[in-house]
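Here is a short tour for a reader meeting this structure for the first time. It goes from the whole chain to single residues.

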Amino acid sequence: MGDRYRHKLVHITPGPVVLPAIRSDKTFGRNAGLGKNAGPGIMQVGRNLIIPGGTRVIDATGKLVMPGGVDPHTHLELEMMGAKTADDFYKGTRAAVAGGTTTVIDFVLPNKGQSLIEAYNNWREKADSKVCCDYALHVGVTWWSNSVKKDMEQLAADMGVNSFKMFMAYRDSWMLDDYELMCAMEACKEIQALPQVHAENGHIIARNTQRLLARGVTAPEGHLLSRDEEVEAEAVNRACVIANQVNTPLYIVHMMSKSAVRALQEARRRGQKNPVFGETLAATVGTDVSVSIMMSKSAVRALQEARRRGQRNPVFGETLAATVGTDGSHCRNACFRHAAAHVLSPPCAPTPPPRRPSSRHWLSTDVLQVIGSDNCTFHEKDKELGKDDFSKIPNGVNGVEDRLAVLWQKAVNTGVMDPCRFVAVTSSTAAKIFNMWPQKGRVAVNSDADVVVWDPRLERTISAATHKQAVDFNIFEGQKVVGSPQYVIVNGRVCLDDGVLRVAEGSGRFIKTPANSPYVFGGQLPGAAAPEAHLTIETPTKYTNGNTPSPD
Ligand code: URP
Ligand code: ZN
Ligand code: ZN
Ligand code: ZN
């Protein structure tokens with residue numbers, strides 16, 4: 001490290017500090033094996049700190065100081081459905097930082113037949129020299145063979161991958177059948193990696209698509225019609241059943257509909273894998289049937305509860321900024337450009353979010369654990385590939401930049417969610433699930449200096465005209481949000497400085513995520529006291545790709 005960093009200091013003073021759930025288990029960090037990755041870290045947290053000379057002081061009075069966002073779901077520089085995403089690793093991570101996200105986890109998606117290692121290396125090559133913040137990788141299991149299993153083992157053992165995504169949709173490209181899905185989950189279990197699923201029934205979608213096109217339905221609305229809620233819910237249920245058979249934890253990406261969330265809740269609640277027979281005493285029912293235990297109502301209740309009990313392992317549910325900030329009605333817009341821009345899979349609910357519980361409530365009450373962006377942006381010219389056939393519209397929307405502000409506006413400003421839960425669902429829970437915590441997702445001594453100073457009064461209107469993303473459309477266009485980052489510190493460097501964006505291409509690092517995340521596989525997480533306000537962090541002056549940051 002030596003001369004890689006000339007240490008400068010940034011000190012943030014007073015302001016209430018909003019913290020993720022704080023735990024200070026040293027073994028957690030060691031277990032996570034992230035020591036080698038450690039960059040500029042938070043040096044002190046507390047009151048009345050001794051501030052070394054030359055330290056820049058940022059006044060956070062009236063603001064909230066929180067760990068940088070962790071976006072667990074992006075697709076940067078992805079080629080898909082005949083097009084390439086608008087946001088590459090530079091512009092995508094630059095936009096992330098502008099919105100308060102300081103770590104993204106992108107998906108390596110191999111072609112069928114391609115070695116997973118080769119695809120991973122391609123992704124590293126695309127990303128390493130461009131990222132403006134730290135990133136990690138999930139790898140897609142898009143086909144199945146013994147060599148794929150070997151690749152998964154190597155990726156987990158040596159290459160810092162602890163999660164693999166399987167598709168139950170995209171029948172012509174990435175879909176696995178149930179047998180292959182089960183094999184892939186078994187492989188994950190063996191290496192203590194977390195299986196992720198894209199839960200939609202690809203066969204039903206394919207057949208519905210044929211039927212719709214035959215009837216002359218070609219507009220983007222056909223995308224919604226080809227896959228109503230039960231098509232997602234059925235796959236959620238099936239994925240939960242397969243995970244239970246394999247006895248593995250599961251992470252369901254982009255949960256978009258109420259039916260899907262219900263299927264998840266039902267799976268969590270579902271009974272034992274084998275019948276549990278209830279026994280009671282003859283005396284209690286006045287017959288001479290010879291039985292033994294189960295005397296009390298409480299005992300019967302316990303039995304009922306056991307029957308209802310959920311998966312044998314955690315099932316994590318992720319939703320997207322798109323479900324919080326918009327809805328599927330846009331796919332019916334008469335303007336193709338507008339409608340096609342909203343096409344993603346699974347689609348958002350077809351009507352505006354009702355007053356009844358919806359994704360922001362489920363996030364708030366822990367029915368869902370994480371909000372990602374699934375940022376997968378295509379320019380208008382690429383969406384036009386599906387001008388005459390909705391099934392050819394490249395799937396995906398923006399969100400990496402606006403994820404935090406949209407959730408803050410829709411959930412915190414409306415009283416549905418408190419700021420601590422906001423930090424959990426946007427940052428710390430993803431860091432824990434993917435074994436980056438407490439390096440990421442936490443404001444504490446020795447955690448990475450990824451810090452956001454959030455101004456809850458900052459007002460702005462979201463627009464493609466002003467956003468930092470490369471794409472020429474924004475699904476949140478025209479929405480007024482109150483609350484946005486004022487300062488974003490990435491690895492100790494002030495990258496958003498009172499609203500002025502100054503990122504450095506290539507300054508981000510690849511974060512190896514070790515397998516066997518204690519949060520997923522049951523490690524001990526003892527609690528600890530929350531640090532107080534004031535923190536001091538160190539800031540780098542030179543980056544691995546040789547770039548030097550512009551002066552602060
Ligand atoms: O429509 C979507 N979600 N596009 C990205 C690919 C995926 O399935 O996550
Ligand atoms: Zn997906
Ligand atoms: Zn329009
Ligand atoms: Zn995705």
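What follows covers the overall fold, the core, some helices and the ligand.

This is a predicted model. The protein chain holds 18 helices and 19 strands. Of its 552 residues, 51% count as buried.

**The core**

The largest nonpolar core has 152 residues. Val97, Ala184, Val236, Ala239, Ile252 and Leu264 have the most contacts inside it. Helix α8, residues 229-246, gives the most to this core, with nine residues. What does alanine 239 touch beyond its neighbours within four places in sequence? Its contacts are Met168, Val197, Ala199, Leu250 and Ile252.

**Alanine 260**

Alanine 260 lies in helix α9, which runs over residues 258-269. Is alanine 260 buried or exposed? A residue counts as buried when 20 or more other C-beta atoms lie within 10 Å of its own. Alanine 260 has 26 such atoms within 10 Å, so it is buried. Leaving out residues up to four places away in sequence, alanine 260 touches Ala199, Glu229, Glu232, Ala233, Val236 and Met255. Histidine 338 is 78 residues from alanine 260 in sequence. In space, the two are 26 Å apart, C-alpha to C-alpha.

**Helices**

| Helix | Residues |
|---|---|
| α3 | 116-128 |
| α4 | 146-158 |
| α8 | 229-246 |
| α16 | 403-412 |

Two packed helices are described by the angle and the distance between their axes. The axes of α3 and α4 come within 8 Å and cross at roughly 45 degrees. The two helices are therefore oblique to each other. On the α3 side, Leu116, Ile117 and Tyr120 make the contact.

Helix α16 is mostly covered, with ten of its ten residues buried. Among them are Arg403, Gln409 and Lys410, as well as Leu404, Val406 and Trp408.

**The ligand**

Which residues surround ligand 1? They are His75, His198, His254, Leu344, Ser345, Asp374, Cys376, Asn395 and Gly396. By class, this shell divides into two nonpolar, six polar and one charged.

Technical notes. Residues are numbered from 1 along each chain as its sequence is written. Chains are lettered from A and ligands numbered from 1 in the order in which they are written. This is a predicted model: local features need pLDDT of at least 70, side-chain atom pairs count only at pLDDT 80 or more; totals for chains, interfaces and linings use all residues. A residue is near a molecule or strand if its C-beta atom, placed from the backbone, lies within 6 Å of it. Ala, Val, Leu, Ile, Met, Phe, Trp, Tyr, Cys and Pro count as nonpolar, Asp, Glu, Lys and Arg as charged, and the others, Gly among them, as polar. A nonpolar core is a set of buried Ala, Val, Leu, Ile, Met, Phe, Trp, Tyr and Cys residues joined through C-beta atoms within 7 Å. A residue is buried if 20 or more other C-beta atoms lie within 10 Å of its own, exposed if 12 or fewer, and partly exposed in between; C-beta atoms are placed from the backbone. Helices (H or I, at least four residues) and strands (E, at least two) are DSSP runs, numbered from the N terminus. Two residues are in contact if their C-beta atoms, placed from the backbone, lie within 7 Å. Axes are lines fitted to C-alpha atoms, for helices over the stretch in contact, and angles run from 0 to 180 degrees between N-to-C directions. Angles under 35 degrees count as roughly parallel, over 145 as roughly antiparallel, 65 to 115 as roughly perpendicular and the rest as oblique.
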